[in-house]
Amino acid sequence: MADPINASPTPKPLRRRLLLRRLAATAAGVTAALGIGACRHPGPQPGAARTIQFWTLDLAPKFNIYIQGVIAAWEQQNPGYRVVWTDIPWGSVERKLLAAVFARTAPDVVNLNPLFAANLASKGGLLPLDGVLPAGAPQGYLPLIWQAGRSAGPDGQPEQFAIPWYLTARITLANTGLLQQAGYSAPPRTWAEVPAYAEAVRRRTGRYALFVTVVPDDSAELLESLVQMGVTLLGPQQRAAFNSPAGRRAFAFWTDLYRRGLLPREVVSQGYRRAIELYQSGELAQVGSGAEFLRSIQTNAPQIAAATRPYPPITGAGGDANVAVMTLAIPRQSQVAEQAANFALFLTNASNQQRFAEQARVLPSSSGALQQLRRNLEAEQPATQPEALVQQARLLSADTLAQARVLVPASPGVKRLQAIIYTQLQRAMLGQISSDAALAEAERQWNAYAVGRFAGQASR
């Protein structure tokens with residue numbers, strides 16, 4: 001299922017950010033397998049001690065030349081070591097990594113999204129990196145993005161378990177024709193402006209302003225909007241903190257928009273893909289997505305693309321935007337952890353990230369690479385108006401990183417949290433219960449889950 005940030009022709013992991021549907025079903029197996037790995041390191045195997053096994057997600061064959069070139073350059077600088085690269089299909093990464101842990105053949109460096117990394121870290125499956133990273137390593141990365149690699153370990157204490165790699169930031173793509181009909185020159189910048197805007201679009205055009213899904217296992221955009229509205233999701237021992245004045249205002253905000261008919265009825269039954277369909281058919285004034293989604297609109301709906309312009313994303317009063325992050329982690333079983341960390345830092349240095357960002361049309365987590373990418377984009381001279389719009393959108397996306405962070409930290413159980421909040425919010429939107437009652441029920445359900453899920457951490 002596509003995420004609003006990642007609905008673009010970029011590597012598939014970015015298009016399916018944070019989608020781990022089978023995580024709950026495999027949790028017991030993961031715990032058992034990682035318990036084995038955490039307690040007993042595998043003995044060194046003949047000929048394997050100087051080999052680094054490196055796994056990526058859905059990057060082959062498109063990026064073979066790039067990845068193989070980085071590997072060759074690192075091997076030249078580190079004689080005696082070789083990197084064996086394996087690209088894993090996104091849909092099978094859980095199964096394959098779990099099987100490798102059971103067999104004690106886990107890779108030394110693995111490309112993971114933050115959610116899966118956080119779950120592995122909480123079960124002792126990932127190596128805390130502070131002991132293998134050189135001093136000053138975080139300084140080469142965007143500070144708020146580096147923090148996205150921190151997660152709670154088995155003892156509940158936060159540690160650095162992952163190195164950030166590539167990113168995507170959400171921007172707003174808007175149909176200027178519908179904006180003008182509604183009396184707007186630009187879409188709203190904050191959620192506080194959305195209700196009046198949504199009403200104007202609906203009344204003056206007969207269309208809808210925006211589509212934010214409340215389907216539990218789909219996009220996290222609505223959950224992120226709660227954070228932007230000032231809601232603290234979780235407190236000490238992972239207990240619910242969202243039943244607060246800010247939480248009540250946020251639940252009432254979405255409930256009211258839906259009950260007033262200012263959101264498409266399908267937001268409670270269909271996911272982000274429906275937002276794409278509505279936008280490309282001219283039924284939606286705006287959509288939140290990555291910059292590269294413009295190319296898809298230009299291909300699939302040329303008339304809509306001609307009226308589309310990029311704008312900054314909707315944020316809260318604090319101006320925080322969301323960013324999707326892909327990371328590199330080192331399983332605890334690795335027998336070459338220091339060299340694996342050295343390779344991960346090399347892969348994500350400014351030069352290598354800048355080249356990958358250009359090829360994959362994503363954003364780098366390296367501050368130096370981001371500066372160079374912006375210079376290169378500004379120097380481009382697009383030959384056509386469609387290419388000029390893509391250039392403008394990519395620059396805007398890069399600029400967004402200045403105020404972007406992972407709004408919903410990848411902590412164990414976060415997908416369950418989303419499902420509980422969305423399900424109860426649906427009930428309020430459909431008029432089954434009040435928004436305050438829905439919030440209270442979401443609090444009750446999450447805390448009941450958290451008592452069992454995080455009982456060990458709470459007792460420490």
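**Exercise 1: A proline in a loop**

Pro61 lies in the loop between strand S1 (51-57) and helix H3, where helices (H or I, at least four residues) and strands (E, at least two) are DSSP runs, numbered from the N terminus. The model is predicted, so local features need pLDDT of at least 70 and side-chain atom pairs count only at pLDDT 80 or more, while totals for chains, interfaces and linings use all residues. Residues are numbered from 1 along each chain as its sequence is written, and side-chain values use heavy atoms, with hydrogens and water left out.

Task: Determine whether the peptide bond from Ala60 to Pro61 is cis or trans.

Solution. The omega angle of this bond, from Ala60 to Pro61, is near 0°. As background, most peptide bonds are trans.

**Exercise 2: The protein as a whole**

Task: State how many helices and strands the protein has, and what share of its residues is buried.

Solution. Step one: the protein has 20 helices and 12 strands. Step two: of its 460 residues, 57% are buried; buried means under 20% relative accessible area, exposed over 50%, and partly exposed in between (1.4 Å probe, protein chains only). Step three: among contacts between residues at least 6 apart in sequence, 77% join residues at least 24 apart, a contact being heavy atoms within 4.5 Å.

**Exercise 3: H3 and H14**

Task: Describe how helix H3 (residues 64-77) and helix H14 (residues 337-347) cross.

Solution. Step one: their axes come within 10 Å and cross at roughly 130°. Axes are lines fitted to C-alpha atoms, for helices over the stretch in contact, and angles run from 0 to 180 degrees between N-to-C directions. Step two: this makes H3 oblique to H14, since angles under 35 degrees count as roughly parallel, over 145 as roughly antiparallel, 65 to 115 as roughly perpendicular and the rest as oblique. Step three: H3 passes H14 in a right-handed crossing. A crossing is right-handed if the near helix is turned clockwise from the far one by less than a right angle, and left-handed if anticlockwise. Step four: H3 contributes Tyr66, Val70, Ile71, Ala73, Trp74 and Gln77, which meet Gln339, Asn342, Phe343, Phe346 and Leu347 of H14. Step five: by class, this contact of H3 with H14 has 8 nonpolar, 3 polar and no charged residues. Here Ala, Val, Leu, Ile, Met, Phe, Trp, Tyr, Cys and Pro count as nonpolar, Asp, Glu, Lys and Arg as charged, and the others, Gly among them, as polar.

**Exercise 4: H12 and H17**

Task: Explain why H12 counts as roughly antiparallel to H17.

Solution. Step one: H12 and helix H17 (residues 385-400) pack at an angle of about 155°, with their axes 9 Å apart. Step two: that angle makes H12 roughly antiparallel to H17. Step three: the crossing of H12 past H17 is right-handed. Step four: Leu294, Arg295 and Gln298 of H12 make the contact with Pro386, Glu387, Leu389, Val390 and Ala393 of H17. Step five: the residues of this contact of H12 with H17 divide into 5 nonpolar, 1 polar and 2 charged.

**Exercise 5: Two residues and their partners**

Task: Decide whether Ser334 and Gln391 are buried or exposed.

Solution. Step one: Ser334 is placed in the loop between strand S10 (321-329) and H14. Its relative accessible area is 9%, so Ser334 is buried. Step two: the side chains of Ser334 and Asp108 are joined by a polar contact of 2.7 Å. Such a contact is a pair of N or O atoms within 3.5 Å; within protein, one must be able to donate a hydrogen and the other to accept it, and residues adjacent in sequence count only if both atoms are side-chain atoms. Step three: Gln391 is found in helix H17, and with a relative accessible area of 13% Gln391 is also buried. Step four: leaving aside residues up to four places away in sequence, Gln391 touches Leu377, Glu378, Glu380 and Pro382.

**Exercise 6: Positive phi**

Task: Find where Gln237 lies and what its phi is.

Solution. Step one: Gln237 lies in the loop between helix H9 (221-228) and helix H10 (245-259). Step two: its phi is near 55°, a positive value in a residue other than glycine. Step three: at a relative accessible area of 44%, Gln237 is partly exposed.
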